Amino acid sequence: MKIMSIAGARPNFMKLASIARAIRSHNEKGSTPAVEHIIVHTGQHYDKKMSDSFFIDLNIPQPDINLEVGSGSHASQTADIMQRFEPVLLEQLPDALLVVGDV
């Protein structure tokens, strides 16, 4: 089973941590089906203090894919995420997509 999680802002990294931990625990127990967890970072928060430190401190695996959206207005960031994420979905074809958070 392939589950993809996408997150991009600090409050959502905290939510992603519990998801990643649960999937890791599931796989370490040998439970079936094993879960392939693909983490996608939108790149909205890209500064080390606003992003990298959360992955380190919360023991979240480094993102498999970074959309590198960067700064911009809400509309331009949303549009960039959608344009950059569509090919990722088409290539990866996850069984489930978890959109973490509310931003």
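1. Thr42 is located in the loop that joins β2 and α2. In this predicted model, Thr42 has a relative accessible area of 4% and is therefore classed as buried, the cut-off for that class being under 20%.

2. The surroundings of Thr42 deserve a separate remark. Leaving aside residues up to four places away in sequence, Thr42 touches Ile6, Ala7 and Gly8, and also Asn66, Leu67, Glu68, Val69 and Ile81.

3. Glu68, one of the residues that Thr42 touches, belongs to the loop between β3 and α3 (74-92). Although Glu68 is not a glycine, its phi is positive, at about 50 degrees. Is Glu68 buried or exposed? Glu68 counts as exposed, because its relative accessibility is 58% and the exposed class begins over 50%.

4. A positive phi is also found at Asn59, which is not a glycine; here the value is about 55 degrees. Asn59 sits in the loop running between α2 (52-57) and β3 (65-66). With a relative accessible area of 52%, Asn59 is exposed.

5. The backbone also calls for a comment at a proline. Which form does the peptide bond from Thr32 to Pro33 take? This bond is cis, its omega lying near 0 degrees. Pro33 is placed in the loop between α1 (10-28) and β2 (36-41).

Definitions and conventions
Residues are numbered from 1 along each chain as its sequence is written. This is a predicted model: local features need pLDDT of at least 70, side-chain atom pairs count only at pLDDT 80 or more; totals for chains, interfaces and linings use all residues. Side-chain values use heavy atoms; hydrogens and water are left out. Helices (H or I, at least four residues) and strands (E, at least two) are DSSP runs, numbered from the N terminus. Buried means under 20% relative accessible area, exposed over 50%, partly exposed in between (1.4 Å probe, protein chains only). Contact means heavy atoms within 4.5 Å.
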